[in-house]
Amino acid sequence: MNIAIAGTGYVGLSIATLLAQHHHVTAVDIIPEKVQLINERKSPIQDKEIEEYFATKELDLTATLDATAAYSTADFVVIAAPTNYDSKKNYFDTSAVETVIDLVMSCNPNAIMVIKSTMAVFSPFRKLYPIFSL
């Protein structure tokens, strides 16, 4: 199974690391240094378990800046992009998640998308896309 993970923060990289033990996983990020570190089996975030898995487990994990290529061949796309909350406006900025959804829909409309991000369940864009939110 081909799985793409959008975002390599704590949530995305943890999911990618666990799934890569049994599936081909492509982690997508917009920061070249993070992509390089992941491909060198060095964790770009300080996390004891991820560092241990990178050092000791056999993982089918690659990282890329090329989101279109990663999403085009994915059976599943896990979206772990940031949804920053503005407490003054009482508003979640879902633009990063929406950008990933739009790109997946344009290059691989049959991929199943799973959103694993902090966002309001009642967000208006949910009506537009066939997605699951965890």
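Y91 is found in strand 6 (residues 91-92), where helices (H or I, at least four residues) and strands (E, at least two) are DSSP runs numbered from the N terminus. This is a predicted model, in which local features need pLDDT of at least 70, side-chain atom pairs count only at pLDDT 80 or more, and totals for chains, interfaces and linings use all residues. Residues are numbered from 1 along each chain as its sequence is written, and side-chain values use heavy atoms, with hydrogens and water left out.

**Y91**
- Y91 has 45% relative accessibility and therefore counts as partly exposed (buried is under 20% relative accessible area, exposed over 50%, partly exposed in between; 1.4 Å probe, protein chains only).
- Leaving aside residues up to four places away in sequence, Y91 touches N84, Y85 and D86 (contact means heavy atoms within 4.5 Å).

**D93**
- D93 lies in the loop between strand 6 and helix 5 (95-107).
- D93 counts as partly exposed because its relative accessibility is 30%.
- D93 and T83 are 10 residues apart in sequence, and their C-alpha atoms are 5.1 Å apart in space.
- With residues up to four places away in sequence not counted, D93 touches P82, T83 and N84.

**Helix 1**
- In helix 1 (residues 10-19), the buried residues are G12, L13, A16 and T17.
- These buried residues fall within an arc of 125 degrees seen down the axis of helix 1, so they line one face of the helix (the arc is that of the directions from the helix axis to the C-beta atoms).
- The cover over the buried residues of helix 1 includes strand 1 (2-6), strand 2 (24-28), helix 2 (32-39), helix 3 (48-56) and strand 3 (61-64).
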